[in-house]
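Biologist: Please take a close look at the charged and aromatic side-chain contacts in this model. Where do the partners sit, and how exposed are they?

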Amino acid sequence: MQTATILRRIETLPALSRVGKRINGLHRLMRPRYLYERAYVRVSRNRGAMTPGIDGATFDGMTLEKLDRLARSVAEGRYRPRPVRRVYIPKGNGKLRPLGIPTADDRIVQEVVRTILSAIYEPVFSKHSHGFRAGRSCHTALEEIRHTWTGVKWLIEVDVRGFFDNIDHEILLMLLSRRIDDPLFVGLIEAMLKAGCMEDWKVERTYSGTPQGGVVSPLLANIYLHELDLFMEEMRADFDQGARRRSNPAYLSHSNRIAELRKKIDALRADGAENAEARALQARIKAIKKERLTVSSVDPMDPGFRRLRYCRYADDFLVGVIGSKADAVQIMADIQHFLADRLRLAVSPEKTGVRDASKGSPFLGFHVCA
């Protein structure tokens with residue numbers, strides 16, 4: 001298959017994905033060297049690109065001949081991912097975060113796989129997903145909350161325990177197979193997941209998780225949590241109720257009083273009354289308007305109006321509720337059950353709960369509050 005033909009084929013993947021068609025022939029798309037050249041250019045510019053994997057090789061030793069051999073080994077089914085080299089970097093809380101450093105060859109192959117997967121999944125990902133996506137960031141996630149979460153009464157904070165280390169391989173491969181009808185391509189991803197890791201010169205097998213530090217890991221994580229995005233969208237459709245809040249009786253009372261005083265002023269002027277009495281009534285209207293500003297025009301506790309808001313950045317997500325606290329507690333329980341039953345993920349009880357939106361909740365390093 002010629003390079004131009006393969007590139008045109010990759011360009012058709014988004015349209016096929018949008019209509020829900022299972023896509024085949026993906027492993028064949030990985031044959032031309034051009035994709036590996038492009039992958040090399042991308043990953044060799046990444047921060048930490050010169051950090052070697054277990055073989056000690058770095059990108060400065062890459063040649064076109066090596067890329068040719070790498071492409072042929074993948075096309076012929078001889079390619080086998082090598083274990084990642086485990087290192088630890090400090091986190092903001094003083095703890096250490098494990099990273100898996102793949103070999104240079106493996107990073108290039110992962111980038112080719114990532115390019116193909118991105119063409120399939122980016123068109124169908126949720127607009128509320130902001131992590132590890134082109135044109136999206138922590139800033140876009142916070143801007144979404146700032147502009148569309150008006151009136152939220154409760155915030156649901158859910159902390160997934162060790163997400164990247166606990167991604168279930170069986171579930172992830174099943175999710176991939178829903179959209180990909182290519183056992184060789186899915187099998188290649190499975191080999192990457194199960195390549196293992198080396199620490200202190202000992203190789204450990206990997207039965208779950210996708211190593212942070214791998215080129216394709218962030219996209220695989222988004223594919224895994226896309227199921228949560230879909231679940232939250234279904235929950236939102238069932239939960240949302242009412243076109244708008246009912247009017248606040250206190251606000252209506254002030255407005256009705258103002259209307260009555262204006263009628264009196266009109267009557268006085270029609271009868272040619274003294275302006276002093278009209279001015280007194282106008283002063284009274286001004287005072288009532290000032291008092292009216294202290295109350296909402298709509299009933300903030302209207303039981304007939306409910307809204308659910310959701311925003312996710314990688315494995316960090318926040319849920320906003322316009323409704324009762326009982327509604328928020330039930331939503332939190334439903335989310336926990338979904339994570340446990342469908343994705344086999346546990347939450348940290350000490351970091352999970354329903355918060356009063358006026359007091360706020362931490363999210364992406366910021367304090368989000370009403």
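Modeller: Asp 327 is buried, at 19% relative accessible area; buried means under 20%, exposed over 50% and partly exposed in between, with a 1.4 Å probe and protein chains only. The model is predicted, so local features are limited to pLDDT of at least 70 and side-chain atom pairs to pLDDT 80 or more, while totals for chains, interfaces and linings use all residues. Residues are numbered from 1 along each chain as its sequence is written, and side-chain values use heavy atoms, without hydrogens or water.

The partner of Asp 327 is Arg 306, in a salt bridge of 3.8 Å from N to O (a side-chain nitrogen of Lys or Arg within 4 Å of a carboxyl oxygen of Asp or Glu). Arg 306 belongs to the loop between helix H11 (275–292) and strand E6, and Asp 327 to helix H12 (residues 325–342), so the contact ties together parts 21 residues apart in sequence. Helices (H or I, at least four residues) and strands (E, at least two) are DSSP runs numbered from the N terminus. Arg 306 has a second contact to note: its charged end sits over the ring of Phe 239, 4.1 Å from the ring centre. That description requires NZ of Lys or CZ of Arg within 6 Å of the ring centre and within 35 degrees of the ring normal.

The structure holds 17 salt bridges. One of them joins Arg 42 and Glu 111 at 3.3 Å, N to O. Arg 42 is in helix H2 and Glu 111 in helix H4, so this bridge ties together parts 69 residues apart in sequence. Arg 42 is partly exposed at 37%, whereas Glu 111 is buried at 4%.

A local case is Glu 143 with Arg 146, whose closest N and O atoms are 3.5 Å apart. Both lie in helix H5, three residues apart, or about one turn of the helix. Glu 143 is partly exposed at 34%, and Arg 146 is exposed at 62%.

Turning to the rings, a search of the whole structure finds seven aromatic pairs. Rings of Phe, Tyr and Trp (its six-membered ring) pair if their centres lie within 6.5 Å; planes under 30 degrees apart count as stacked, over 60 as edge-to-face and the rest as tilted. Tyr 40 and Phe 59 form a tilted pair, 5.9 Å centre to centre with 55 degrees between the planes. This pair links distant parts of the chain, with Tyr 40 in helix H2 (residues 33–43) and Phe 59, 19 residues away, in the loop between H2 and helix H3 (64–75). Tyr 40 is partly exposed at 24%, while Phe 59 is buried at 2%.

Phe 132 and Tyr 313 also make a tilted pair, with 6.0 Å between centres and 45 degrees between planes. Phe 132 is in the loop between helix H4 (104–121) and helix H5 (138–148), and Tyr 313 is in strand E6 (residues 307–313), so the pair ties together parts 181 residues apart in sequence. Phe 132 is partly exposed at 44%; Tyr 313 counts as buried at 19%. Elsewhere, ring pairs link Phe 163, Phe 164 and Tyr 224 into a cluster.
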